[in-house]
Amino acid sequence: VGDRTIIRLMGGNSFDSGEVEIRAAFIPMLLEVGARLRSAPGNIIVAGHTDDVPVRKGPYGTNLKLSIARAAEVAQFLIDRTQIDPSRISTMGFGMYRPLQSNESAEGRAKNRRVEIILTHQPLTK
């Protein structure tokens, strides 16, 4: 999209409901994405999103806090496991406030639970 590339990682395979620990099945994909991002120029934004189902357990309390925690978990994984320069990565969370689909159906909610990795094609400034 113009000056950025968005990699959309759908949530069904990435996290258990209400959790921030990355599922084992999701790790190979993240390693591949990280390897490609490491050599690509630009800044990286990791953005977390949730559906509108209220958070009922865990320390997060709200979908907004959960989305931020998931984005931070993915960003830390990329730094630790793929050696991306930490100065290139930032995180943000949108909670349930930027859905892709209606939350009226299970299918729509599943599409709204995601992490997006956004590569900006602007040169790095230091």
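**Exercise 1.** Determine whether Glu19 is buried, partly exposed or exposed, and identify its salt-bridge partner.

*Solution.* Step 1. Glu19 has a relative accessibility of 33%, so it counts as partly exposed; buried means under 20% relative accessible area, exposed over 50%, and partly exposed in between, for a 1.4 Å probe and protein chains only. The model is predicted: local features need pLDDT of at least 70, side-chain atom pairs count only at pLDDT 80 or more, and totals for chains, interfaces and linings use all residues. Residues are numbered from 1 along each chain as its sequence is written, and side-chain values use heavy atoms, without hydrogens and water.

Step 1. The partner of Glu19 is Lys57, with the closest N and O atoms 3.5 Å apart. A salt bridge requires a side-chain nitrogen of Lys or Arg within 4 Å of a carboxyl oxygen of Asp or Glu.

Step 2. Lys57 lies in the loop between β2 and α2, and Glu19 in the loop between β1 and α1, 38 residues apart. Helices (H or I, at least four residues) and strands (E, at least two) are DSSP runs, numbered from the N terminus.

Step 3. Lys57 is likewise partly exposed, at 48% relative accessibility.

**Exercise 2.** State how many salt bridges the structure holds, and describe the network that contains Glu116.

*Solution.* Step 1. There are five salt bridges in the structure.

Step 1. Glu116 pairs with Arg8, the closest N and O atoms being 2.8 Å apart. Because Arg8 belongs to strand β1 (residues 4-10) and Glu116 to strand β4, this pair ties together parts 108 residues apart in sequence.

Step 2. Glu116 also meets Arg114 in a salt bridge (2.9 Å, N to O).

Step 3. Arg8 is partly exposed, with a relative accessible area of 42%, whereas Glu116 is buried at 7%. Arg114 is buried too.

**Exercise 3.** Give the volume of the largest pocket and the classes of its lining residues.

*Solution.* Step 1. On a 1 Å grid over the protein atoms alone, a pocket is an open set of points where a 1.4 Å probe fits, with protein on both sides within 12 Å along at least five of seven lines; lining residues have an atom within 4 Å of a point.

Step 1. The volume is about 220 Å³, taken as the space filled by probe spheres set on the points.

Step 2. Of the 14 lining residues, Ser17, Gly18, Asp51, Val53 and Pro54 lie nearest the centre.

Step 3. The lining has four nonpolar, four polar and six charged residues. Ala, Val, Leu, Ile, Met, Phe, Trp, Tyr, Cys and Pro count as nonpolar, Asp, Glu, Lys and Arg as charged, and the others, Gly among them, as polar.
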